[in-house]
Amino acid sequence: MHRVMPFSFNNLPITTLVGADSTTFRRVCEGRRVDNIAKLRATVLCQRLLNPLYRLNDRIYRSTPMPDIVSPIFIIGHWRSGTTFAHNLLSEDPQFGYCTTYQAVFPHLMFRGDRVMRHIAAVAMPKSRPTDNLALSICQPQEEELAIANITHAAHYHFWLFPQFMEYYRERFLLFNSTTAEEQELFSRAMVQVMQSALYCQGKSRFLSKNPPNTARIPMLLKMFPDAKFIYIYRNKGDVLRSTKAFFRQMIDSIALQKISTQELDYQIAATYNALIAKYEQDRDLIADSNLVEVSFDRLTQQPQSSVDAIYKRLGLKMR
């Protein structure tokens, strides 16, 4: 018997929108030009087959008492600044719950059908990320923005599918400029759903987030979670931009439904970097000193244990 081999990022037959409910799927794709019709059709087929299970899971979520979200911890910073490394380090502490890679792709399949889908995802999933060969598994910590993007159209990560609209998604759902009150509420509800569901499924008491877009959302996060704590990871701008451009180019080539020129992509990456960092620097004073720690990429990667110790001490956390 031949073993089914996992896909690589270069030949993924579907997009991560396969985990979206039908309303979100329709809203995201509406009015968007699609260049990769085959990938869209494969995604639509899988999504429609799974949608009845999505509706069942959503009913379970609404009818089941969910845990309160108390003093969540947000790891923030630009992409390629070391946020994933920090997330992996801190997630070793058993007190923390987090969104897994499986839950990020299938946020509507956390309560029923998850055993079968986790097995399928484990077989089909690429074993490493492109550009850095970082190991991937369905159980490892993941950015919850991926899950939010499968629950609502009001999410920044839809730019991965439609990169020609990177400015649109940056302005509306990263910076939340010109968004409606309804869209802000949709985003907030989706974030809470992801966090509560992950804590419930893992039996944990405290949520550990790693989500670069949250770097630009300090006021919104503090309004939702006044007792939240923040870990900001920073890195040399030139190194970040070089790494981000290489990473985004390969990811978009692999998963996008439409094409974008390298020149335009690089321009949008730089624009997003400037907007993200400027927004953080504008808003970071809103965070109480005892709830914010800033750690450099160099220190984190060269002295991981002392960095973790410093983070715990600064934020008043206790290791378990």
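Predicted model: local features only at pLDDT ≥ 70, side-chain atom pairs only at ≥ 80, totals over all residues.
**Ground rules.** I number residues from 1 along each chain as its sequence is written, and side-chain values use heavy atoms, with hydrogens and water left out. Local features need pLDDT of at least 70 and side-chain atom pairs count only at pLDDT 80 or more, while totals for chains, interfaces and linings use all residues.

**Cavities.** A cavity is a set of points, on a 1 Å grid over the protein atoms alone, where a 1.4 Å probe fits but cannot get out. Grid points are joined across faces, edges and corners, and a volume is the space filled by probe spheres set on the points. I found 2 cavities of 30 Å³ or more.

Which residues line the second largest cavity? Lining residues have an atom within 4 Å of a point. I listed His78, Trp79, Met166, Thr244, Phe248, Ile269, Thr272 and Tyr273. By class, 5 are nonpolar, 3 are polar and none is charged. Here Ala, Val, Leu, Ile, Met, Phe, Trp, Tyr, Cys and Pro count as nonpolar, Asp, Glu, Lys and Arg as charged, and the others, Gly among them, as polar.

I then checked the helices (DSSP runs of H or I, at least four residues, numbered from the N terminus). Helix 10 (237–255) and helix 11 (262–283) each supply at least two lining residues. Helix 11 gives the most, with 3 residues.

**Cores.** A nonpolar core is a set of buried Ala, Val, Leu, Ile, Met, Phe, Trp, Tyr and Cys residues joined through side-chain atoms within 4.5 Å. Buried means under 20% relative accessible area, with a 1.4 Å probe and protein chains only. The largest core has 67 residues. Phe74, Trp160, Phe162 and Phe230 have the most contacts inside it. Apart from it lies another core, of 16 residues, including Ile75 and Ile233.

**Rings.** Rings of Phe, Tyr and Trp (its six-membered ring) pair if their centres lie within 6.5 Å; planes under 30 degrees apart count as stacked, over 60 as edge-to-face and the rest as tilted. I counted 19 aromatic pairs by this rule. Tyr157 and Phe159 have ring centres 6.0 Å apart and planes at 80°, so I noted the pair as edge-to-face. Tyr157 also pairs edge-to-face with Trp160, at 6.2 Å centre to centre and 80° between the planes.

Are these residues buried or exposed? Tyr157 is buried at 5% relative accessibility, Phe159 is buried at 2%, and Trp160 is buried at 8%. Ring pairs link Trp79, Tyr157, Phe159, Trp160, Phe247 and Phe248 into a cluster.

How values were computed:
1 Å grid on protein atoms, 1.4 Å probe; cavity = no way out; pocket = protein on both sides within 12 Å on 5 of 7 lines; lining within 4 Å. Buried < 20%, exposed > 50% of the residue type's maximum accessible area, 1.4 Å probe, protein only.
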